[in-house]
Amino acid sequence: MSITGQQIRTARAALNWSVKDLADATGVGTATIVRYELAEAAVPKSRKNNLEILRTCFEAAGIEFIGAPDEAPGLRFHT
């Protein structure tokens, strides 16, 4: 499932994480995270599997990505 830049930004904000916090937690570069967050639609898949790394990190923190990029994308919180 693809995720949007807005979902990444929102998930990060919900956890009160900075871009650097997310980069430190995942090993994904800050410039890459910023580029993903600026994406208007679905973030394109990368060669390094960065989106899966980000998704796994957010899911471990209790964030679930719901909806499709073109149809009501959002988040669900699990505590």
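What covers the buried residues of α2? The answer includes α1, α3 (30-37) and α4 (50-60), and the views below start from there. The model is a predicted one, in which local features need pLDDT of at least 70 and side-chain atom pairs count only at pLDDT 80 or more, while totals for chains, interfaces and linings use all residues. Numbering runs from 1 along each chain as its sequence is written, and side-chain values use heavy atoms, with hydrogens and water left out.

View 1. Helix α2 spans residues 19-26, and its buried residues are V19, L22, A23 and T26. Looking down the axis of α2, these fall within an arc of 100°, so they line one face of the helix; the arc is that of the directions from the helix axis to the C-beta atoms. Helices (H or I, at least four residues) and strands (E, at least two) are DSSP runs, numbered from the N terminus. Just past α2, G27 has a positive phi of about 80°.

View 2. D24 and K20 pair up through their side chains at 2.9 Å, N to O. A salt bridge puts a side-chain nitrogen of Lys or Arg within 4 Å of a carboxyl oxygen of Asp or Glu, and the whole structure has 4 of them. D24 and K20 are 4 residues apart in α2, so about one helical turn separates them.

View 3. E59 bridges to R55, with the closest N and O atoms 3.8 Å apart. R55 counts as buried at 10% relative accessibility, whereas E59 is partly exposed at 41%.

**View 4. A salt bridge between strands.** The side chains of R76 and E64 meet at 3.4 Å, N to O, in a salt bridge. This pair links distant parts of the chain, with R76 in β2 (residues 71-77) and E64 in β1 (residues 63-68), 12 residues apart. R76 is partly exposed at 39%, and E64 is partly exposed at 25%.

**View 5. T4 and its contacts.** T4 sits in the segment before α1 (5-14) and is buried, at 6% relative accessible area. Leaving aside neighbours within four places in sequence, T4 is in contact (heavy atoms within 4.5 Å) with A41, A42, V43, P69 and P73.

Definitions and conventions: Buried < 20%, exposed > 50% of the residue type's maximum accessible area, 1.4 Å probe, protein only.
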